[in-house]
Amino acid sequence: MTDIARAAGCSQATVSFVLNNSPGIKLSQQTRERVIEAARTLGYSAPAFSALRKPVAAFDGLDGVIGFAVDQLATSPEAVVAIEGARQASWNAGNVLLVAQTMGDAVMEPRAIQALTRRGISALIYMTIFTREITAPDFLYSLDIPVILLNCYTADYAFPAVVPSEIAGGQNSTRHLISHGHRRIATITGEPWMQAAQDRLKGYRRALATADIPFDPELVVEGDWSASAGYAATVKLLALKDRPTAIFCQNDRTAIGCYEALKEAGLHIPQDISVVGYDDEEIARHLFPPLTTSILPHMAMGQWAIEQLEAPTAPGQGRYPITKLECPLVERESVRAVAGG
C-alpha cells in the first residue's frame, strides 16, 4: 500500500479505503481510478478491481439535458475543468450539458437560469468560482428539479454540495515538508478574506501542532495568489535572521514568484530551500525543478455533481451534508530533506 500510495500521489489510508472498497468513505471516482491504475502498473492484482470501478448512471427523472450555471467562466480555468468533469460524466450517461455564465448578477442570473429551464433541463448544477458559503437566491428553492451546489454551500444544507477539502490539503502539504525533516517552514497565503486561504492556513497550523513545532507568525506572509506577491513575500522571508528551510506557497502562481526570488538570491531549489505549491496548474510541471503541489479536485467535483443525480433531490425538503473531496499531493522535484536533517 505504501508503494501504491507513492505512485498514486495519495495517502496509504486512501489506498486502503479503495482496495478494500470501504463503505461510507467518500472518495472521488478520479481518485479511485488513480489508485487502481497505480496498483495495476506496479503489478498488483485483485479480484475486486473490476467491482471498484463505479459506473456513472443517471436517475430516471433525467431526460437528457442538464444545466450548469457558474458565476465566472471566461476568466476561470477552474470552471472549465469542473464543466469538463461534469461533461464526461453526463455523456457517459447519455446526457448533454448546457452552460451559462451568470456573473452572480442579481438581475441577469435568474434570467440565465430561466433560459436554461425553458430549454427543458431536468437538473441544475450551480457553481461559484470562490469556495464559500452562499445565500442561495430564492429562485433556486422554487425550481422543481434537483439542484447541486459545486464549490459552494448554504447554511441551511438545503442542497447537496461539494467543496475541496482545503484544511486537509494545507495539512498534507505542510506534513510533507515535515516528513523531510523541515521544522522552519514558512507559508505565503492568499487573500485572507477567502475561505480557501483561511482553510489552507488552518491546515498548515494543524500540521505544525501535530508535529509539536511551535507556530511562528514571522513565517506567515500574506499574499494575493499572484506571482508578484510570491516574489515580494519570499524576499521578506529571506531577510529573516533565521530564514526558513522550506516554503509552502498556497497556490502555484505564488510559487512562480517564490522561485524567481530564490534564484535571484543565488539559492537552489530544493538543495537550499524546498518549495511546495497548491492547485497543480499546468505550469507546475514545467517549472525547474518541477513543483510539488496539490490537485484542486474540480474535475472530480464536476463528476461528483453528476453522480448525485442518481437519486432525485427536492430543494428545501431535506438536509444534505457538505461533501469535501481530497486535494491529492503530487510529489515532484522541489522538495528535499533538510540539510543535516
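Which residues in H2 meet which residues in H3? I put this to the structure, which is a predicted model.

**Entry 1: H2 and H3.** I located helix H2 at residues 12–19 and helix H3 at residues 29–41. On the H2 side I noted Thr14, Val15, Val18 and Leu19, which meet Thr31, Arg32, Val35 and Ile36 in H3. I then looked up the geometry: the two axes come within 10 Å and cross at roughly 90°. An angle of 65 to 115 degrees counts as roughly perpendicular, and H2 and H3 are therefore roughly perpendicular to each other.

**Entry 2: H8.** I turned to helix H8, residues 166–179. From its first C-alpha to its last, H8 reaches 20 Å, close to the 20 Å expected for its 14 residues at 1.5 Å a residue. I asked how enclosed H8 is: 10 of its 14 residues are buried, so H8 is largely enclosed by the rest of the structure. I listed the buried positions as Glu166, Ile167, Gly169, Gly170, Gln171, Ser173, Thr174, His176, Leu177 and Ile178. Just after H8, I noted that Gly181 takes a positive phi of about 90°.

**Entry 3: Ala255.** I found Ala255 in helix H11, residues 252–264. Its relative accessible area is 0%, and buried means under 20%, so Ala255 is buried. Leaving aside residues up to four places away in sequence, I recorded that Ala255 touches Cys249, Val275, Gly277 and Leu291. I also looked up Ala255 against Glu78: they are 177 residues apart in sequence and, C-alpha to C-alpha, 18 Å apart in space.

How values were computed
Residues are numbered from 1 along each chain as its sequence is written. This is a predicted model: local features need pLDDT of at least 70, side-chain atom pairs count only at pLDDT 80 or more; totals for chains, interfaces and linings use all residues. Side-chain values use heavy atoms; hydrogens and water are left out. Axes are lines fitted to C-alpha atoms, for helices over the stretch in contact, and angles run from 0 to 180 degrees between N-to-C directions. Helices (H or I, at least four residues) and strands (E, at least two) are DSSP runs, numbered from the N terminus. Angles under 35 degrees count as roughly parallel, over 145 as roughly antiparallel, 65 to 115 as roughly perpendicular and the rest as oblique. Contact means heavy atoms within 4.5 Å. The expected span of a helix is 1.5 Å times one less than its number of residues. Buried means under 20% relative accessible area, exposed over 50%, partly exposed in between (1.4 Å probe, protein chains only).
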